[in-house]
Amino acid sequence: MYQRTVTVGSPRGLHARPASLFVQAATRQPVKVTIARDGGEPVDARSMLSVLALAAQHGDSVVLTAIGDGGREAVEELATLLSQDLDASG
């Protein structure tokens, strides 16, 4: 198991656009990744509704977790993505 805590970088948090970009990236990973607000229950990072339901705001800490081969790389890639301003990209 590999786990990492990351701070949400998008100024408006994980609303529709940043959440969509994150979910798309999670779906491309070779392992299942979960995301949880610090201290909360983990949800599937590939589920748009679950990620939106976290209501993670700018500056909130979230915990990414993956189990299996490629888990570390998957979590690191998603952590890098979450720490960025996803409203500014594209």
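The dialogue below works through the fold and the salt bridges of a predicted model.

Student: How many helices and strands does the protein have, and in what pattern do they follow along the sequence?

Tutor: The secondary structure of this predicted model comes to three helices and four strands, and reading along the sequence gives the pattern β-α-β-β-α-β-α. The radius of gyration is 11 Å, close to the 12 Å that the globule rule gives for 90 residues, so the protein is as compact as a globular protein of that length. Along the principal axes, the C-alpha atoms fill a box of roughly 35 × 30 × 20 Å.

Student: What share of the contacts with a separation of 6 or more comes from residues 24 or more positions apart?

Tutor: Such residues account for 73% of those contacts, while 41% of the 90 residues count as buried. The accessible surface comes to about 4700 Å², and 49% of that area belongs to carbon and sulfur atoms.

Student: How many positive and negative side chains are there, and how many salt bridges does the count come to?

Tutor: Side chains of opposite charge can pair when their charged atoms come close. The protein has 8 positive and 10 negative side chains, with the centres of the two sets 4 Å apart, and the count of salt bridges comes to three.

Student: Which residue forms a salt bridge with glutamate 76, and which parts does the pair tie together?

Tutor: The partner of glutamate 76 is arginine 4, and the closest N and O atoms of the two are 2.5 Å apart. Glutamate 76 belongs to helix α3 (residues 71-82) and arginine 4 to strand β1 (residues 2-7), so the pair ties together parts that are 72 residues apart in sequence. Glutamate 76 counts as partly exposed because its relative accessibility is 25%, and arginine 4, at 29%, likewise counts as partly exposed.

Student: Where do aspartate 60 and arginine 37 lie, and is aspartate 60 buried or exposed?

Tutor: These two side chains meet in a salt bridge at 2.8 Å, N to O. The pair links distant parts of the chain, with aspartate 60 in the loop between α2 (48-53) and β4 (61-66) and arginine 37 in strand β2 (residues 33-37), 23 residues apart. Buried means under 20% relative accessible area, and aspartate 60, at 18%, therefore counts as buried, whereas arginine 37 is partly exposed at 33%.

Student: What is the N to O distance between aspartate 44 and arginine 46?

Tutor: The side chains of aspartate 44 and arginine 46 meet in a salt bridge at 3.1 Å. Aspartate 44 is partly exposed, with a relative accessible area of 23%, and arginine 46 is partly exposed at 39%.

Definitions and conventions
Residues numbered from 1 in each chain as written. Predicted model: local features only at pLDDT ≥ 70, side-chain atom pairs only at ≥ 80, totals over all residues. Heavy atoms only, no water. Salt bridge = Lys/Arg side-chain N within 4 Å of Asp/Glu carboxyl O. Helix = DSSP H or I, 4+ residues; strand = E, 2+ residues; numbered from the N terminus. Buried < 20%, exposed > 50% of the residue type's maximum accessible area, 1.4 Å probe, protein only. Rg over C-alpha atoms; globule rule 2.2 N^0.38 Å. Contact = heavy atoms within 4.5 Å. Areas by Shrake-Rupley, 256 points an atom, 1.4 Å probe, with all protein chains shown as cover. Lys, Arg positive; Asp, Glu negative; His and termini not counted. Charge placed at Lys NZ, Arg CZ, Asp CG, Glu CD.
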